[in-house]
Structures are given as structure tokens and as C-alpha cells.
Amino acid sequence: MSRRRGTHVAAVPRSLAGDAWRDLRRSPLFLTSAAIILVLIAMAAVPSLFTDVDPRACDLAHSREAPSGSAWFGYDLQGCDMYSRTIYGARASILVGVLTTLVIAVVGSVVGMVAGFHGGRLDALLSRLTDLFFAVPMLLGAVMVLATFPSAVGTPAWQTIGKVVLALGILGWTTVARLMRSTVIQVKQSDYVQAARGLGAGAGRILLRHVLPNAMAPVVVYSTIILGVFVVLEATLSFLGIGLQAPVISWGTAISEARSYIRQSPHMLLFPGAFLSVTVLAFIMLGDAVRDAFDPRLR
Amino acid sequence: MGRYVTRRLLQMIPVVIGTTFIIYALVWALPGDPFAGRCGARPCPPAYVQAMTDKYNLDDPLPIAYVKYLGSLLQGDFGETFQGLSVGEELLRAYPTTVKLALVAIAFEILIGIGAGILAGLRRGSFIDNLVLVSTLVVVSIPVFVIGSVLQLFLGMRWGIFPATVGGDASLYNLILPGFVLASLSLAYVARLTRTSLAENRRADYVRTAIAKGLPQRRVIGIHTMRNSLIPVITFIGADFGALLGGAIVTEGIFNVPGVGNLIFRSITTRDGVMVTGAVTVLVLVFLLVNLLVDLIYGWLDPRISHG
């Protein structure tokens, strides 16, 4: 979005997003995190680029073998190659993060926008509803949803992933809704919205063309940071044994399996744990960079 | 002040009712046989199913069953689990441990978090400042269960400095390691918050005035700057305390701490609905009350914010 706007309006003063993009391209924080994230996305999309070992070709004879020259990350309990499984594990983890972020960004934005723009009774109702969901701790709520719809070992991968996304999404949208509501209330009173209204634009047009583009920034920043948090939450749920399940390869399931053998085979925990941490780090750094670029007060 | 507290308490009522309803609906109204696996490998005898259906009002429509539940809750009766254990007693047994664990965690946040934040904030751009910034970023990105497992492995098992698990004996010494793990994430936030707040306030007008009128450095920083800088930090720690009192599923699980988090997780996985609804109700109540308390302390620390 930002790139299109940046070049599109070259002659007129740049938009906020255009300015932000110009700042971002010069920020080392952004460049580093973007590079890490690109590698991770490549890993998730085409894992065979990074390894030619089949993550499902396991040999029990190698069970829990320590890292060596032939298997850099060692082997897991079933004797599968840990390096290959860690590479392939990126897909499920990142998929959960991206999908959940999309769900909460859309749901939260719609709720917040309607509440902020409409105001009155509807606003009061939606805000109280947001409060309710906000009061339930996220991990706890997700555990409850997943315990009610448990995934068995044979469940297809997309179903297991879908359940985790839903469980996290049900409680995750509240902050986006609050952010959106408060910015929409601010934007609603600005002159250009009044002008559009005066020219006879309908509510839908005002919302989509004028309010939404100008109220997006905080949601974009929040979404970037929270994506990493969702990756961690997925891993935490899998660690507790109720998130993703066996046929799905993910960092969380690997760590969950490693738990019982941490004393004898710490490599089973350390490698997926390290990949998980670097992913989260990259998204936090990206979020910081995007926030700096979007926050006019810091200019 | 009194009116403010009353208004906040009244506003809590719909939130508590709504939240408990969400939990209640999640536990009881979702598809799935509540008796599945309850009687071992065989299906439950009809007499047992009948008795339990009556006891938990499973035949009533959801809103009615919920109102009945709420009614007994208001009389202080949390009900009994499927095994006939009193939910109230179980909660009373688990809560002291969780409170102790939360206090240990808060102590770490204050000591290390504020300490590191002050060191960094007083010397912006120095080596210590950069060290604090980088290390907090690293701590924030490592998931709690990885930190927990790794520290348990090295400090607990390999080097034997701290007990690796807590078990039945929840003494303060046993809770040091889990408390530190529980605090790690917030500790990093506290350090960063202290640093930013301190650095901002050092440029404030009243600090310049204090320096200009010749107060010694110690007094300028120790009294004028510090008092104002710590206000947001104290709010954060207070809110965090409220969240910690809700129990920590992951940390309590790793270190086998017999607290509320463990209790809730166990009852969720065994689908012990009464225990889950009871525990979560208490948890949400505590969370809301602590937050109210934090807001009151905030007004007291910073008289510019009035709750008139």
C-alpha cells in the first residue's frame, strides 16, 4: 500500500504513508528485520530451497541423536532430521501468525469503525462487548476453546491450523477495535470528512475513502507487533499439548515433544526455540521501525 | 472519590456477568458429550448421567442454567466438581501459592527492571544503555516456555543452584526460579518504560528549575526526577500484578507449582466445567479490582489526575 501511494502522488505533497515508506527505506532496523522476515517467508513457502532432507523420513535408530556433521541440529524422538523439521516447521507457525493477524485486524477494524463512526447506543453496546472479551485472558480463552474442540492425531492439517487461528482470533480482536474506535472518532471530526459530507458523500464512501485510510496507521503498527506474539501463542498452545497436532510440523510441536527429554537431549528444544525467538524478534523490530515511521511526533 | 469508586464498582457488574456468561457458554453449551470418558472406557450408567444432569441443570436452556449458577455464586457457593470436590476449597488451597509466586515476580520486576531502567535512563547512549536495550529486546522475543525450560535445565538440573521443580513445598526459596521466569517479560518492559520515562523527565522544566536553583545532583535526580518518572512504571507493575494473580499456566506447569494456573489448566483439560467457571470468575474479579486499585493509586501519586 505504502509504495503505491509514495510514487502515485509524486508531485503533490507526500501522504503519511509515503513519508513513512521513505523513512523506512533508510532505517537499519527495518532493513534487518525485513531481511529476516523475507528469509522466513521463503522458508515457509519453499522449504526445499533450504534442505533436501525429507522431514518425514525418520529412522528410529537415530532417535534423539545429538547434532553432528551429517545432521547439524541432531535428530528428534522419532529419529527425524531436526534441521529439516525446523525449516519445514516455519510454514505452520508463520501461517498461524499471519492468518490470526488478518482475522483480528479485519474483525477489530470493522467493530471499531462501526462503533466510532456511528456513535450513540451502538457504540456503547459494541464497546461493552469489547470490554467483555478484553477481560478474558487470551491464553486461557484459547486453551478453553481448543479443549472444547480437541484435534486428534488424524485431523487434517488445515483443520488443526484453523482451530488454533479461531481460538486466538476470538479473543484477540479487542485491542484493534479499541484503537480503531478512538482514531475514527478523531478523524470523523476533521475538515476533510466534513467537506466530503457537505458534498453529499454517503456513509459508506466516507468510511472507505476518507476515514479508513487515515485511521489505519495505529492498526498497521499494532498488527505488525502482534503477529510475532501470535506465533509465540501458537507455540505455547502446542507446547501445552492442545495446539497443533502430530501430522503438522511446527516449532511448537517440536518444543512440546522436547519437553520430556530436555535433560538428556536439549538440542531438541534449543533449535526450534531459537528459530521461534528470532522470528518474534524480527516482527518486534519491524513493528518498532514502522511505528517510528508512522509517528509524526518523532519526526 | 467515593462516588468514583462506586461508579467503577457498578460498571464492573455487567463486565463480570458478561465474562462469566462467555466462560459458562464455552464450557457448557458447546457440542460434545460432557460425560465422554468420565466413567473410564464404558459409557456412564444412566443413573449417574441423570444425577449429574440434575445437579448441573444440564437439561435447562443455557440462560436459565446460567442464572441458576449465578444465583448460587452470589450466595458464595462455587459448587462442586464432578468428583465432588468443593470448588471454593480447591481455590482457597491454590491461591496462596499463586499470590506468593506473583509477589516474587513483582520483586524481580522492581529490583532488576527499575534498576536497569534507571541505569540506562541516566546515561542515554552509554554502553549500559545499549546493553539494557539489546538485552530487553532479546528477553522479550524469547517465549516464556523456552526461557523457563532452559533455566530449569541449567540452573535447576545441571548446576543444581535452585530446585528444578516446586511440588508440594511452595517456600519462597523454591519459588525464586519460577518467579524470575514469570517476571522476565514484564521485567524487560519495566526497564524500557523506566528508561524512557526518566529520559523524558530529565528535560522537564521543573528539573531545569531544580538544577538552576542549585540543588545537589542527588536531590534533583533522587527526588524531583525519580518521583515523577516512576508514576507510569508503578501503574504498569500494578496492572501486571493483577494479571499475575490470574495464575500462570505455562510457568506453573513447567515448574510444577500447585497454583491457580495449574488448577485451571488441569480442569480445562479434564473438562471439569464447574471448576473452570468458578476459577475464571474469581480471576476476572481479582483482575478488575486490582486495576481499580491501580487507578486509585495513580490519582494519589499524581494529583493532576483527579477522580473527583
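This is a predicted model: local features need pLDDT of at least 70, side-chain atom pairs count only at pLDDT 80 or more; totals for chains, interfaces and linings use all residues.
For the model as a whole, the scores are ipTM 0.76 and pTM 0.81. Looking at chain B on its own, the average pLDDT is 82, and 94% of the residues reach at least 70.

Let's start where the two chains meet. On one side, 32 residues of chain B are in contact with 29 residues of chain A. Which helices of chain B each bring at least two residues to the side that touches chain A? They are α1 (2-28), α5 (127-141), α6 (144-158), α10 (249-254), α11 (260-269) and α12 (273-301). The biggest giver is α1(B), with six residues. What about the kinds of residue on this side of chain B? You'll find 23 nonpolar residues there, along with eight polar ones and one charged one.

Now zoom in on B:Ile254, which sits in helix α10 of chain B. Is B:Ile254 buried or exposed? It takes 20 or more other C-beta atoms within 10 Å to count as buried, and B:Ile254 has 26, so this residue is buried.

So who are the neighbours? Leaving out residues up to four places away in sequence, B:Ile254 touches B:Phe145, B:Gly148, B:Ser149 and B:Gln152.

Key:
Residues are numbered from 1 along each chain as its sequence is written. Chains are lettered from A and ligands numbered from 1 in the order in which they are written. Two residues are in contact if their C-beta atoms, placed from the backbone, lie within 7 Å. Helices (H or I, at least four residues) and strands (E, at least two) are DSSP runs, numbered from the N terminus. Ala, Val, Leu, Ile, Met, Phe, Trp, Tyr, Cys and Pro count as nonpolar, Asp, Glu, Lys and Arg as charged, and the others, Gly among them, as polar. pLDDT is the predictor's confidence in each residue, from 0 to 100. A residue is buried if 20 or more other C-beta atoms lie within 10 Å of its own, exposed if 12 or fewer, and partly exposed in between; C-beta atoms are placed from the backbone.
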